[in-house]
Number of protein chains: 2
Amino acid sequence: MNKHIQLPAGSASSPIYDVLRRDLVGGRFKAGEKLAINALKEQYQVGLSPLREALNKLAAYGLLVQENQRGFRVPKLSREELDDIARLRTELEGMALERAIAHGDAVWEADLLAAAHRLKRADITLDKGEEWERLHTQFHRTLVAPCGSVWLLRFIEQLHDQFDRYRRLGPKMPTIRQELDDQHHELVELALKRDASAARALMDDHIHKSYEVALARYQKHA
Amino acid sequence: MNKHIQLPAGSASSPIYDVLRRDLVGGRFKAGEKLAINALKEQYQVGLSPLREALNKLAAYGLLVQENQRGFRVPKLSREELDDIARLRTELEGMALERAIAHGDAVWEADLLAAAHRLKRADITLDKGEEWERLHTQFHRTLVAPCGSVWLLRFIEQLHDQFDRYRRLGPKMPTIRQELDDQHHELVELALKRDASAARALMDDHIHKSYEVALARYQKHA
DNA sequence: GTAGGTTAAAAAATCGATTATTTTGTCTAA
DNA sequence: TTAGACAAAATAATCGATTTTTTAACCTAC
């Protein structure tokens, strides 16, 4: 199923990579924190080699910074970077959405409806919201999936992860969920109607609202 | 010097990483080729661990594909991907150039003139063109450096490397060098004149011409 | 008291060897 | 012949130990 949605090339991810990525995006590490490799080894019950290889990949991906001979750190957060990410997301996801609306077929329409429905039905209190987060990511991924550019999808995914480092700061998050969730459904409607410019405008607004959530969390955090 | 041009965060690259990246971009490996790790170990005179960590980073960066338990491969080339890369380059570098022209200061102007001059003076026959390639990359990097978005610069650099996998197929390359080189100088002129839309139009054309070179090489190659 | 320098402890990176997996080659049976 | 199973070889991945580098603690001289 979902043969439309192909993973970006170059990634045969190990379990430890996936878990670390999830935890980094989910904010289980403090920004700026130095990772104690031996501690991680025990905490995640993995050997040194697989762990180091995962850390190297995460550094290349941008979820860690690798310093000369002094290990790995969680990247700092900054207002400037958040603005940068949000702005780029607006441009790239807008572009991708337009293209997806131009090229998406009936299977896409079905996938989209399904993804939106699953997201709406998801219990946000479950599993610390992890399940909702997964479905939310999946929804946005589905939305732009048939844009026709593997590299654009790759960059969008990367920015999404970076953005979520800000948006998911602090505890839980059923903040203004209803409003954002309504936008998800509006986005589906406009996509099905093939109204590219309206969809793009709504996407701009959607990202902007998410940005405001992220910014508020970032400022409370600091 | 060049304090304007900061590396994208997250990269403290090892020697072996840099060399492998250069060789992958420069086409010293066949597309689709499977890398024999033990051979690489001897060829580059490095240990297994540093080598594997470099390969993992390159896979995350997109210059290698990592398959489940069967090592690393050089990614295949395809017409579709080349089109994708060229199109995205046009959009992202155009965007970045506009922003750079809006924000670049006097130091940038000087850097730009210097980079263009060094490129023009470079002897393309030297060192199999490596020196020219280095200066060419540096010129394009300088051009967009003050765009204000670290992430945009990161993506542009990545796409540039991917693009060069096509453009640098086959031997040497003083193809239509003169024409492209003239464009470099025109770009500098328009940038200094702060004519964003003309600069962007020229950049579009420049990338398109490079694309034609790359496409021709790709088709001859296959 | 503090700056500079030495040493000890901690941590990161690398190495050599082992283990697990895949690939190749060979044999047998239909 | 050829498909399938088995064994052997090759290769990838992982582990445990060693080496190197950084960080911290301590001491001495000014």
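Angles under 35 degrees count as roughly parallel, those over 145 as roughly antiparallel, 65 to 115 as roughly perpendicular, and the rest as oblique. I shall apply that convention to one helix pair and then turn to the DNA.

The model is predicted, so local features need pLDDT of at least 70 and side-chain atom pairs count only at pLDDT 80 or more, while totals for chains, interfaces and linings use all residues. Residues are numbered from 1 along each chain as its sequence is written, chains are lettered from A and ligands numbered from 1 in the order in which they are written, and side-chain values use heavy atoms, without hydrogens and water.

First, the helix pair. Helix H6 (residues 130-144) and helix H7 (residues 150-167), both of chain A, pack at about 150 degrees with axes 11 Å apart; helices are DSSP runs of H or I of at least four residues, numbered from the N terminus. Axes are lines fitted to C-alpha atoms over the stretch in contact, and angles run from 0 to 180 degrees between N-to-C directions. H6(A) and H7(A) are therefore roughly antiparallel. Residues in contact (heavy atoms within 4.5 Å) include Trp132(A), His136(A) and His140(A) from H6(A), and Leu153(A), His160(A) and Asp164(A) from H7(A). This contact divides into three nonpolar, four polar and five charged residues. Here Ala, Val, Leu, Ile, Met, Phe, Trp, Tyr, Cys and Pro count as nonpolar, Asp, Glu, Lys and Arg as charged, and the others, Gly among them, as polar.

Next, DNA strand C. It is surrounded by 16 residues, with Leu35(A), Arg52(A), Gly71(A), Gly47(B) and Ser49(B) the closest; a residue is near a strand if one of its heavy atoms lies within 4 Å of it. Of the atoms of DNA strand C within 4 Å of the protein, 74% belong to sugar and phosphate. H3(B) gives the largest share of the surface near DNA strand C, three residues.

An N or O atom in the side chain of Arg52(B) is 2.6 Å from a phosphate oxygen of DNA strand D. For DNA strand D, the largest share of the nearby surface, three residues, comes from H3(A).

Notes: Helices (H or I, at least four residues) and strands (E, at least two) are DSSP runs, numbered from the N terminus. A polar contact is a pair of N or O atoms within 3.5 Å; within protein, one must be able to donate a hydrogen and the other to accept it, and residues adjacent in sequence count only if both atoms are side-chain atoms.
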